[in-house]
Amino acid sequence: MWPIDRPPKWVDRSRELATLHAGIEALRQGGGAAVWVEGEPGIGKSSLVVEALAGTSELGWDIGWGIADQLTERLPLSVMQDCLQVRLSSPDPRRAHAAGLLRSQRLGLFTNGDASASGVEVLMALTDELCAAAPTVMVIDDLQWADDASLLVWHQLAASIDQLRLLLIATCRSDPRRPEVQQVRASLARRGRALVTLGPLTEADVADLVTAMLGTPPEDTLRQLTAQAAGNPLYLRELVDSLARERAQASPIGGVSAAHEPAAGLAGCRAERPAQLRLG
Ligand SMILES: Nc1ncnc2c1ncn2[C@@H]1O[C@H](COP(=O)(O)OP(=O)(O)OP(=O)(O)O)[C@@H](O)[C@H]1O
Ligand SMILES: [Mg+2]
């Protein structure tokens, strides 16, 4: 269901989760909400959204998740089509119909602005239809790479969010942002919509996460080491995993189990080879 796995141990982010939960509650009550989640790479933007939405998969809501990337940035409406699952082969006639309309405009989409504008209208109309039929959640992940037409759809939906039964979410890396993305963000801020900025995990959160990975709280040497991750959960996980791999390579007898259980491997490393850890 979700494009990324939930971490085995989730730490905190309660304030940020509360903002997303408020959006979920608004949708539950039949209203709309737009939430923008930003922060540096690996800080936990996508994971936060997955964590917040985890309880919604049983509700029968229409949930879509599109991931933008640098390659599709040049393909008009690509990430929005992904998010809305607009495909000719879709079993949902509304989606298949929209895909047919877009295909008939495709030549225009690649050559002039008018056709692109009608593509935007097709997806706006489809979203209207979906929201009228069921509470709808749309996540555009890594919006900083969304093509301009998809950005325009996101912007238009955010502007009319009060009329839609829609929870509209974007995750976006903080810097550098291209001007079009900055405009969408600025317009959201002007309207007083929810902007969630993820900062580094606190020292206590880092200790919690390392404890969960190791099965035992980190002592001072390890705390100093994990401080290198500067509260970034992705770097923290990579750091702890690489220390565990180091342990697995250095100890062939325990290597097999350590490679499969990095936490256990590193815990052993802490007990047996503190000097090596300090060098790591
Ligand atoms: N609060 C958290 N508790 C535990 N693990 C977390 C937490 N937040 C993020 N992580 C872990 O950190 C890693 C990076 O998270 P994620 O992919 O969500 O970052 P991101 O900000 O979306 O990165 P990118 O900008 O590259 O898309 C993942 O392995 C995730 O499981
Ligand atoms: Mg992400």
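Glu38 has Cys172 as its bridge partner in β4. This pairing belongs to a predicted model, in which local features need pLDDT of at least 70 and side-chain atom pairs count only at pLDDT 80 or more, while totals for chains, interfaces and linings use all residues. Residues are numbered from 1 along each chain as its sequence is written, chains are lettered from A and ligands numbered from 1 in the order in which they are written, and side-chain values use heavy atoms, with hydrogens and water left out.

Strands β1 (residues 33–39) and β4 (residues 166–173) run parallel and are joined by 7 bridges. Here strands (E, at least two residues) and helices (H or I, at least four) are DSSP runs numbered from the N terminus, and two strands pair if DSSP finds at least two bridges between them. Both strands sit in an open sheet of 5 strands with parallel pairing, ordered β2-β3-β4-β1-β5. At its edges lie β2 (62–67) and β5 (194–197), each of which pairs on one side only. On average, neighbouring strands are turned by 15° against each other, direction ignored; axes are lines fitted to C-alpha atoms, for helices over the stretch in contact, and angles run from 0 to 180 degrees between N-to-C directions.

Helix α2 (residues 45–53) packs on this sheet and touches β1, β2, β3 (136–141), β4 and β5, with its direction at about 160° to that of β4. Contact means heavy atoms within 4.5 Å. Helix α6 (residues 148–159) lies across β1, β3 and β4 and runs at about 135° to β4.

Towards β4, β3 runs parallel over 5 bridges, with Val137 partnered by Leu167. The chain passes from β3 through α6 to β4 in a right-handed β-α-β crossover (with the strands pointing away from the viewer, the path from the first strand over the helix to the second runs clockwise).
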